[in-house]
Amino acid sequence: MLDKLNEIQATALSALEEVQDEAALQAWKQKHTGGNSELTGVFKGIGKVAKEDRGKVGKRANEVKVALEAALTARKSEVKEAALARSLEEDHLDVTLPGRPFRHGGIHPATQTLRRTLKILGDMGFQVYTSREVESDAYNFEHLNFPPGHPAREMQDSFYIEGTDTAQVMRTHTSPGQIRAMREYAASNPENPPPIRISLPGMCYRSEQITHRSEIQFNQVEGLAIGEFITFSDLKGTLSDFARRMFGQHARTRFRAQHFPFTEPSAEMDVECFLCGGEGCNVCKKAGWLEILGCGMVHPNVLTAGGYDPNRYTGFAFGMGTERQAMLRHNIKDIRYFWGNDERFLEQF
Ligand code: PHE
């Protein structure tokens, strides 16, 4: 029996030398130490060994078992190291190669312009007021004095939300936030609503044909000032100052009459083309002026809808497109770049 154990050990150890990979290791372990191995057979049959030999055989069988387990562990790490050495050789690790450049993200150009706009307005005392993107038809149009049947209400301009009791739209401009803000301020003191000076930034949505000039979603920044003695000259002064802070201290502005349902009178503000200095170029289309924003004195019906008595309060509002301003500032020719996620475009800012 002792001879047999010696033989079991010798056979197993020489077989182990042939083992080269993980699968063969497992097979070896199964064959030489597993439940059906010869060695396990010896342990199982120990009861049949003559009583006087039993101690010796048992001791020797244990020694073999320990020896095989130790040999297996050693071989395992040899196999592992050999595999690592092989893979290093095959992968041709070149430690002298320069490292891969670490790519930095950046702030999107539209966000940069949005932040700059809010910073300037903030310096001028306009506090940010954020409002919802999904609006009721009432806030997006009705309270803003859009007469029934106004073309902007039609399906092709607005995205309607399906499956709601009352008509819900993706806001087509930031102006509905005017009503929400006025109502919130007025609710704090209905007898004496406090003055308001806020900026309303955010994404707007219009169901339009996507072209180099128009996108179906874009950012706007709205401004709203309400108080007891606010006049059109406050509007002009504020917006001219804004233009100088945004486009440079020599930026000249002009106001043209325009129509918006929620302001009266209404205007559009142009800034002198900063690329050609008013000479006329292809950015300003030879006009020398660039249209920057819409504005006007808050319509009495809008003040009323917001809870402000139009006989006591007046105010002005303005709204501008953020991507449009970014396009003018950076001479970007196509608004679609803003949503294109093309790194060659984005990494220029
Ligand atoms: N809401 C208008 C637009 O989307 C802009 C605007 C805002 C005009 C406030 C006047 C006053 O074009």
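Student: In this predicted model, at what angle do the axes of helix α1 and helix α4 cross?

Tutor: Helix α1 covers residues 2-18 and helix α4 covers residues 51-91. Their axes come within 10 Å of each other. The crossing angle is roughly 5 degrees.

Student: Is α1 roughly parallel or roughly antiparallel to α4?

Tutor: The axes of α1 and α4 cross at roughly 5 degrees. Angles under 35 degrees count as roughly parallel. Therefore the relation of α1 to α4 is roughly parallel.

Student: How many nonpolar residues does the contact of α1 with α4 have?

Tutor: On the side of α1, the contact includes Leu2, Leu5, Ile8 and Leu13. On the side of α4, the residues include Val57, Val64, Leu68 and Leu72. By class, the contact has two polar and four charged residues, and its nonpolar residues number 13.

Student: Is helix α2 roughly parallel or roughly antiparallel to α4?

Tutor: Helix α2 spans residues 22-33, and its axis comes within 11 Å of that of α4. The two axes cross at roughly 175 degrees. Angles over 145 degrees count as roughly antiparallel. The relation of α2 to α4 is therefore roughly antiparallel.

Student: How many charged residues are in the contact of α2 with α4?

Tutor: The contact is made by Glu22, Leu25, Trp28, Lys29, His32 and Thr33 of α2, together with Leu68, Leu72, Arg75, Lys76 and Val79 of α4. By class, five residues are nonpolar and two are polar. The charged residues number four.

Student: What distance separates the centres of domain 1 and domain 2?

Tutor: The domain assignment of the protein chain gives domain 1 as residues 2-90 and domain 2 as residues 109-346. The centres of these domains are taken over C-alpha atoms. The separation is 82 Å.

Student: Which element gives the most residues to the largest nonpolar core?

Tutor: This core has 33 residues, of which Leu293, Phe316 and Phe318 touch the most other members. The elements that give two or more residues to the core are α5 (109-123), β6 (217-227), α8 (232-247), β8 (263-272), β9 (289-298) and β10 (314-321). With six residues, the element that gives the most is α8.

Student: How far apart in space are Leu303 and Ala61?

Tutor: Leu303 and Ala61 are 242 residues apart in sequence. Their separation in space is taken from C-alpha to C-alpha. The distance is 99 Å.

Student: Is Ser136 buried or exposed?

Tutor: Ser136 lies in strand β2, residues 134-136. Leaving aside its neighbours within four places in sequence, Ser136 is in contact with Ala167, Gln168 and Val169. Buried means under 20% relative accessible area. Ser136 has a relative accessible area of 14% and is therefore buried.

Student: What is the distance between the C-alpha atoms of Ile332 and Val283?

Tutor: Ile332 lies in the loop between α10 (322-330) and α11 (337-340), and it counts as buried at 10% relative accessibility. Ile332 and Val283 are 49 residues apart along the chain. Their C-alpha atoms are separated by 9.6 Å.

Student: Is the peptide bond from Glu264 to Pro265 cis or trans?

Tutor: The place of Pro265 is in strand β8. Omega for the bond from Glu264 to Pro265 is near -5 degrees. The bond is cis.

Student: Is Lys286 buried or exposed?

Tutor: The place of Lys286 is in the loop between β8 and β9. Its phi is near 65 degrees, a positive value in a residue other than glycine. Exposed means over 50% relative accessible area. At 64% relative accessibility, Lys286 therefore counts as exposed.

Conventions: Residues are numbered from 1 along each chain as its sequence is written. This is a predicted model: local features need pLDDT of at least 70, side-chain atom pairs count only at pLDDT 80 or more; totals for chains, interfaces and linings use all residues. Side-chain values use heavy atoms; hydrogens and water are left out. A nonpolar core is a set of buried Ala, Val, Leu, Ile, Met, Phe, Trp, Tyr and Cys residues joined through side-chain atoms within 4.5 Å. Buried means under 20% relative accessible area, exposed over 50%, partly exposed in between (1.4 Å probe, protein chains only). Helices (H or I, at least four residues) and strands (E, at least two) are DSSP runs, numbered from the N terminus. Axes are lines fitted to C-alpha atoms, for helices over the stretch in contact, and angles run from 0 to 180 degrees between N-to-C directions. Angles under 35 degrees count as roughly parallel, over 145 as roughly antiparallel, 65 to 115 as roughly perpendicular and the rest as oblique. Contact means heavy atoms within 4.5 Å. Ala, Val, Leu, Ile, Met, Phe, Trp, Tyr, Cys and Pro count as nonpolar, Asp, Glu, Lys and Arg as charged, and the others, Gly among them, as polar. Domain bounds come from an automatic or database domain assignment.
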